[in-house]
Each structure stands twice: as structure tokens, then as C-alpha cells.
Amino acid sequence: MEGKAFASVHISTANVGADLSYRWIKASIAAQYIGNIYQSELNDDIPDVYGGYTRRYWICDARLSVLPIDKLEVSASIRNMFDKEYYEYYLGNGRTYFVEVRYNWQ
């Protein structure tokens with residue numbers, strides 16, 4: 001096992017993002033890097049298949065919010081906006097869209 005990575009532990013991960021606000025509009029973008037991960041202690045997994053993991057990949061997300069009136073926020077977001085196919089034992093989620101409405105009572 002000497003020189004092998006621990007099983008089921010990401011060797012490296014990183015997150016980077018940026019937020020921008022102007023008057024009643026907010027935008028954000030974020031990217032997550034996932035490094036190698038192995039399921040086997042021998043690090044001999046087959047990558048990019050069911051039951052395995054994808055070696056090194058980036059996932060990018062974006063969000064746009066507007067505040068049309070005081071205390072109300074409406075936003076739309078995209079997860080995995082480049083529709084990256086990856087495996088974390090199972091096939092990861094593809095591009096996903098969300099809409100959110102938030103009201104602050106206080």
C-alpha cells in the first residue's frame with residue numbers, strides 16, 4: 001500500500017467563485033474542482049464507469065437574483081451548467097435548473 005492514496009478520500013478539491021451586485025441585481029458564479037478519488041486501496045479502479053469515479057473534473061454553477069421590492073428576492077440558478085458527465089459511484093447529476101422565491105418577514 002506504500003505510495004497509494006487512501007480509498008474513498010478526494011486527493012484534492014478546490015472552490016472558486018465570484019459575486020457581483022448592482023442595485024437590485026445580484027449574480028454569482030462558482031466552480032468546484034474535484035481531484036482523484038479511488039474506491040480501491042490498490043488505486044486500480046476503472047474511471048468513468050458505474051461503480052467508479054471520474055478522475056479530476058470541474059463543475060460550474062451560476063445564479064442570478066433580482067430584488068424587485070423590499071424583502072422579496074427572486075432567483076434562478078443552474079448547477080453543472082456545462083453539463084459535465086462525471087461519476088461518484090453513480091452517474092452525477094447533469095445540468096439542473098432551479099427557481100427560488102424568498103421573502104424576509106423581518
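Predicted model: local features only at pLDDT ≥ 70, side-chain atom pairs only at ≥ 80, totals over all residues.

Biologist: With which residue does the side chain of R63 meet in a salt bridge?

Modeller: For such a pair, one looks for a side-chain nitrogen of Lys or Arg within 4 Å of a carboxyl oxygen of Asp or Glu. R63 meets E100 in this way, with 2.5 Å from N to O.

Biologist: Which residues are linked with R63 in a network of salt bridges?

Modeller: The network links R63, E100 and R102. The side chains of E100 and R102 form a salt bridge with an N to O distance of 2.7 Å. R102, at 43% relative accessibility, counts as partly exposed.

Biologist: How many salt bridges does the structure hold?

Modeller: The structure holds three. One of them joins K26 to E73, where the closest N and O atoms are 3.7 Å apart. K26 lies in strand 2 (residues 25–34) and E73 in strand 4 (residues 72–79), so this pair connects parts that are 47 residues apart in sequence.

Biologist: Let us turn to pockets. What is the volume of the largest pocket?

Modeller: The general idea is simple. Rolling a probe the size of a water molecule over the atoms shows where empty space is left. Here, the largest pocket has a volume of about 230 Å³. It is lined by 13 residues, of which I59, D61, R79, N80 and Y86 are the closest to its centre. Strand 2, strand 3 and strand 7 are the elements that give two or more residues to this lining. Strand 3 provides the largest share, three residues.

Biologist: By class, how many residues of the lining of the largest pocket are nonpolar, polar and charged?

Modeller: That lining has five nonpolar, five polar and three charged residues.

Biologist: Which residues line the second largest pocket?

Modeller: The second largest pocket has a volume of about 150 Å³. Its lining includes S28, I29 and A30, together with D61, A62 and R63. S77, I78, R79, F98 and E100 also line this pocket. Strand 2, strand 3, strand 4 and strand 7 each supply at least two residues of the lining. By class, there are five nonpolar, two polar and four charged residues. R63 and E100, both in this lining, are the residues that meet in the salt bridge discussed above.

Biologist: How many aromatic pairs does the structure hold?

Modeller: The structure holds six aromatic pairs. The angle between the ring planes tells one how to describe a pair, and planes under 30 degrees apart count as stacked. The rings of Y57 and Y86 have their centres 4.8 Å apart and their planes at 20°, so this pair is stacked. Y57 is in strand 3 and Y86 in the loop between strand 4 and strand 5, so that the pair links distant parts of the chain, 29 residues apart. Both Y57 and Y86 are buried.

Biologist: Is the aromatic pair of Y89 and Y90 stacked or edge-to-face?

Modeller: The pair of Y89 and Y90 is edge-to-face, with 5.1 Å from centre to centre and 75° between the planes. Y89 is partly exposed, at 31% relative accessibility. Y50, Y89 and Y90 form one aromatic cluster.

Biologist: Finally, where does N36 lie, and with which residues is N36 in contact?

Modeller: N36 lies in the loop between strand 2 and strand 3. At 14% relative accessibility, N36 counts as buried. Leaving aside neighbours within four places in sequence, the contacts of N36 are V9, H10, I11, R55 and R56.

Terms used: Residues numbered from 1 in each chain as written. Heavy atoms only, no water. Helix = DSSP H or I, 4+ residues; strand = E, 2+ residues; numbered from the N terminus. Buried < 20%, exposed > 50% of the residue type's maximum accessible area, 1.4 Å probe, protein only. 1 Å grid on protein atoms, 1.4 Å probe; cavity = no way out; pocket = protein on both sides within 12 Å on 5 of 7 lines; lining within 4 Å. Points joined across faces, edges and corners; volume = space filled by probe spheres on them. Nonpolar A, V, L, I, M, F, W, Y, C, P; charged D, E, K, R; others polar. Phe/Tyr/Trp six-rings, centres within 6.5 Å; stacked < 30°, edge-to-face > 60°. Contact = heavy atoms within 4.5 Å.
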